[in-house]
Every structure is written in C-alpha cells, then in structure tokens.
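I opened a new page in my notebook for this model. I want to write down what I looked up, one topic at a time.

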Amino acid sequence: MPEGSTSGFLRRREKVNIYKIIDKLFLYLIRFVSMISVLLLVFIVIFILKESLLTFEEVSFYDFVFKKGWRPISENPELGILPMILSTLYVSILALGIALPLGVGSSIFLSCMVNEKNRNFIKPIIDLMAGIPSVVYGFMGLLLIVKFFERKLSFSSGESILAASILLAIMILPYIISTCDESMIKILKKYESTSKALGVSKYHMIRYLILPTAKKGILASVVLGLSRGMGETMAVMMVIGNSPLYPKLFGKGQTIPGLIALEMGGASVNSIHYHALFASGLILMMMLMIINVLFYFIRKMMGTVSEE
Amino acid sequence: MKHLSIKLWSIISISLVMIIISCIFGFLFIHGYEGISYEFFIKEPNGMPLGSEGGVYNAIIGSICFTGIATIFSFVFALSIATYLVFYEKNEKIKSFIRFIIGIIAGVPSIVLGLFGYSFLVVYLKIGISILTGGIVLGIMIFPFMEIRFEKTLLEVDINLIYASLSMGVNRTYTFFKIILPICYKDMIRATCLSASFAMGATAPILLTGAVYYADIPNSIFSPAMALPLHLYLLISEGISLKNAYATALVLIVLLLLINSIPTVLDMIGGNKIVRFIKRRKS
C-alpha cells in the first residue's frame, strides 16, 4: 500500500499504475497456471478413454464385460473380465455390509453418547486409522486375518474373498464413521434443545429423530465407502489370492485394480493386453460412476427432510 | 427394549473399533520395535535376498523425495486453481466445468492413474522410471483432495474483510497476500500435510512409474529411487524377512505421524498477528 508519499499527485499516480500492473500480472499468472492444470486433467481423462477404446476394436464390449476367460497373450486372445467385475463388487459390498453397522453404531456413540472431552480423545484416534497406508493394512491382513483363517479354522488357504472383505471393511470404517458423525452432529445441534425441552429421552431421540434424519449422511457414507473399496489396490491384492475365478465366499478371487497392478509391468505397450488393462480400468471407473449416479437419484427420491 | 438395543449396538461397535485400532497399532509397535535399531535407519538394504539384512536408509530418502515433489507439484496447481475459482472467475459455467473435471479425477482409482503415468510419462514421453514421474503421478492423485480443501478454506474467509480492504483502495494482489493468506495458511498447511501423508503411503501409483526394487540414493530427479511402501510390499510378498517388514512398517507409520504433527507443532510455536487480532475481535 502506498504510504507517506509527499511528493505530489503525479508520483502517486505512477505508483497506483505499478500496482495495477502487478495486479494484472498476478491475474494472468494464476489464470495461466489454472488453465494448464485443467488442460492436464482433461488430457488425462481423454488419454485413458482413447487407450481403452482401442480394445473394443478387437473384442466387442459385450464379450469384454460378460464373458469369462482371461488369456491376453495367447494366439487367440480371450478377454473377458466378468469374474473380476463380480469379485470387485462382491468384496466391496460385503465389506460395506460389515463396516456399515459398526460405523453407524460408532458414530451414534461419538455424536450423542460421550461428552466433548472424550470425543476429542476418540475422534483423532479413528482419524488416525484413515492415515495408515494400504500396504500396512495388507501386511496386517496377511499376518492376522489370513493366518487366523489358516490356523484356527484350518482352511487350505486363508487368502480368500472373505479375508479381503474383512480387511476392506476395516479400511473404510474411518470414512464411514466420519461422514455419519458429521451429519449426526449437525442434526443434534439443530434439534437437541427442542427435544430436551419436550422431555424426550435421549434414546428415543436417537431412534426416532437422529437415525431417520441422518439417512442422507449414511447414504453418502455408503457411496464413499463403496468407491474407496472398489478402487483399493494393494491391501486387497495381498490377501485375495489373485486368481480369475468367479467369486465364492471362501474362494480366491481377483479384483480389477489387482489385475491392473499385477499385469501392468508385463504388458508391452500398444499390445492388446495393454489396451485391455486400460479398458478394465475404464470399466472400473464406469462402475463407480454408475453407483454415484444411482445413489444420487435415490437421494433425490428420499423425502424432503434434510439435515441442514 | 428398543432403547437398550441402540445403546448396546453403539457401545459394542465403538468398542470393536477401538479394539481393532489398538490391535493394529499394538501389533505394529511391539513387533516393529524389536527390529529397529540405529543401524536400521542409516544402512542400505543388504543381504541375499536383498532386504534380509541392513536398513532402509535409501527407501526413507526415496519416499521423502517422492512426497516432496508430489506435494510441491500439487500445491502450486491446487492453490492457483482454488484462488482462481474463488476470487477471479465469474462465469458459472466455466466454474462448474472445472469442478466437474476435478470430481472426475478424484474418482479415478489410484492404480489407473499409475497406469496413465506409466504409459504416458514413462513410455511415450520417455522420461523413464524416475522420481519426477512418480512424483507427478502422486501429485495428480492428491491434487483433487488438496484443491477441494483449499477452496473450502478460501470460501470461509469473511467477505467483509475483503470488501473493506478493496474499498480502502488496496489492490487485489496485496489483499490476497496480506489479508487472505494469513487467515487461511494454517488450514492450508494442515491440508497439505494430510495430502503429503496420503502421497507417502500410496503404493499403487508409483508401482511402475518411479519406485524400484533397489536403487542408490537418488542424485537427480531423473533417477529412480526406492520407496518405503514398495519396499515393505516386496519384503512381504517375496517372504524375505518378517522382522525387517515389521520395522519398515513401523518406520513408515512414524514418518506419517511426524508429517501429520507438523501443523500442531507450528500452532504451538506461534500464530500470526492478523489471525490473532481477528480471533480476539470475534471473541
């Protein structure tokens, strides 16, 4: 800011002009950098689309998605990723089924049943869980869950869909808890005094006010958990066994991210194998998008009671 | 009866969650502690097969390099795009288009980003497997998260402060650097540290773009490096050394905790004058 300018009107005008130029330069700089980054992002999307659409010149989209058999390097390559698609869905939905009741219960506890001091102690610990890298989760899964299945339940191989689901459930728990907790806190702040004034007991309030009103928050956490779970690579890959079979609860399986991660290094560029890997990535993204759109409509259909 | 079941449900679930957490951390700390010594930090991986002896010095340095490049790359872009969206762009259509694209990138699984990095940066642009490519891919991965956080903090700035500043004849750039940034910078540092820790723990994006089985300490950004998560993965999947795997996992977790504690430490050291002033006025 120009200050203490005693040398007259003209000098001051010059200074103002310099500041205007700086302003302009800053605007151009920011606009330039932003444009570059947007272009980069658009380019990534186009690149992935282009590389994967080349697959469908060799195999039809229907065969790719709905056929079994993955022999990408043989003479007559077979490319069908139905088992992988089903395993991906199976693992993440089962994981969600395990994690959702735990998550919603914990967030009720966190939002309504503890005082501020204990909450400030528990919440960071749960947030800490979200920070553990997936490799470490996979490591723990291999040592605790898989070993437990093999030793205690005497499975021939502990690496199974169930092990992956349990591990994935633990991984998505912090996300579910924090999303549900956030919306429950909002509702509680809005209605707590009214509810108390009416003499309603705490658990009645939780059952008939907070749980129904937090529906949208719970739904959002479902979407978040599903998309986290379906895109998860390393942890699932380490405990699922990686064989392209139709998923069974105690059998081995392979998810799409695991497929890409395992075969990415072996596929030579521009071969059919390489394009097929891109295409399976695209299928995964499409599945995520479909789920998002589906839940968007469910959310719209659900009543007008909002949490805000 | 109903009330009791809700009470039971929530108490059982929170205690299960706490048991799981303490299991994970307890297991890691107890077993990892045995493998950690001073040598583990300063020695290179050794032995046959590689990694069964020695330490993880190279991997620690490599991981820090990857995270540094990713954070710088993504910070520059995220800050500029957030500022542009909040303070400069007035066209709603362009705004929603940019947000839409960022949303798409946020939804791309990290392994697909790794695939993109491998085929475009490594193969087509011929940069090769290097810290630069790995860092860029990690940067793309954490970019949406950072951008959304930055935008949120910028939007939370009291608009009246900006109006007051502008009506005093202060120009926009000065307002941005002297009024808006001092208010936001703590939240920004927090978001940056959080995304840096995501980048450090991620394995899938650097699997084929930057990290390798063994490398010396990198001497330029075009040389490949080791990374802690990949080193850990190899130690387990090849069954090389369980003891070293525990220790590596513990080192990784401790590094992440250190990164996450940076904002708290900065908070303790001291605040900013303007922020303190505004907070005092509010209270």
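What should the 17 residues of helix H8 (residues 215–231) of chain A span at 1.5 Å a residue, and how far apart are its end C-alpha atoms? I began by noting that this is a predicted model, in which local features need pLDDT of at least 70 and side-chain atom pairs count only at pLDDT 80 or more, while totals for chains, interfaces and linings use all residues. Residues are numbered from 1 along each chain as its sequence is written, and chains are lettered from A and ligands numbered from 1 in the order in which they are written.

**Entry on H8(A)**

I found that the 17 residues of H8(A) should span 24 Å, and that the end C-alpha atoms are 24 Å apart, which agrees. The expected span here is 1.5 Å times one less than the number of residues. Helices (H or I, at least four residues) and strands (E, at least two) are DSSP runs, numbered from the N terminus.

I then looked up which residues of H8(A) are buried, and the list includes Gly217(A), Ser221(A), Val222(A), Gly225(A) and Leu226(A). A residue is buried if 20 or more other C-beta atoms, placed from the backbone, lie within 10 Å of its own, exposed if 12 or fewer, and partly exposed in between. The cover over these buried residues includes helix H3 (82–113), helix H6 (161–197), helix H10 (256–263) and helix H11 (272–301) of chain A, together with H4 and H5 of chain B.

**Entry on chain B and its side towards chain A**

I counted 11 helices and 2 strands in chain B, and along the sequence they follow the pattern α-α-β-β-α-α-α-α-α-α-α-α-α. The C-alpha trace of chain B spans about 70 × 65 × 40 Å along its principal axes, and buried residues make up 44% of the 283 residues.

Next I looked at where the chains meet, and found 64 residues of chain B in contact with 62 residues of chain A; two residues are in contact if their C-beta atoms, placed from the backbone, lie within 7 Å. The elements that give two or more residues to this side of chain B include helix H1 (2–35), helix H4 (92–107) and helix H5 (110–124). The largest share, 16 residues, comes from H1(B). By class, the side of chain B that touches chain A has 46 nonpolar, 15 polar and 3 charged residues. For these classes, Ala, Val, Leu, Ile, Met, Phe, Trp, Tyr, Cys and Pro count as nonpolar, Asp, Glu, Lys and Arg as charged, and the others, Gly among them, as polar.

**Entry on H7(A) and H1(B)**

How do the axes of helix H7 (residues 202–213) of chain A and H1(B) cross? They come within 9 Å and cross at roughly 85°, the axes being lines fitted to C-alpha atoms, for helices over the stretch in contact, with angles that run from 0 to 180 degrees between N-to-C directions. H7(A) and H1(B) are therefore roughly perpendicular to each other, a label given to angles of 65 to 115 degrees. Where they meet, Tyr203(A), His204(A), Ile206(A) and Arg207(A) face Lys2(B), His3(B), Ile6(B) and Lys7(B) as contacts.

**Entry on two positive phi values**

Most residues other than glycine have a negative phi. I noted Asn242(A), where phi is near 50°, in the loop between helix H9 (234–240) and H10 of chain A. Asn242(A) is partly exposed, with 18 other C-beta atoms within 10 Å. I also noted Lys126(B), where phi is near 55°, in the loop between H5 and helix H6 (131–155) of chain B. Lys126(B) is exposed, with 7 other C-beta atoms within 10 Å.

Is Leu230(B) buried or exposed? Leu230(B), which lies in helix H9 of chain B, is buried, with 24 other C-beta atoms within 10 Å. Leaving aside neighbours within four places in sequence, Leu230(B) is in contact with Thr203(B), Ile206(B), Leu207(B) and Ala211(B). In helix H6 of chain A I found Ser183(A), which is buried, with 23 other C-beta atoms within 10 Å.

Note on methods. Parallel < 35°, antiparallel > 145°, perpendicular 65-115°, else oblique.
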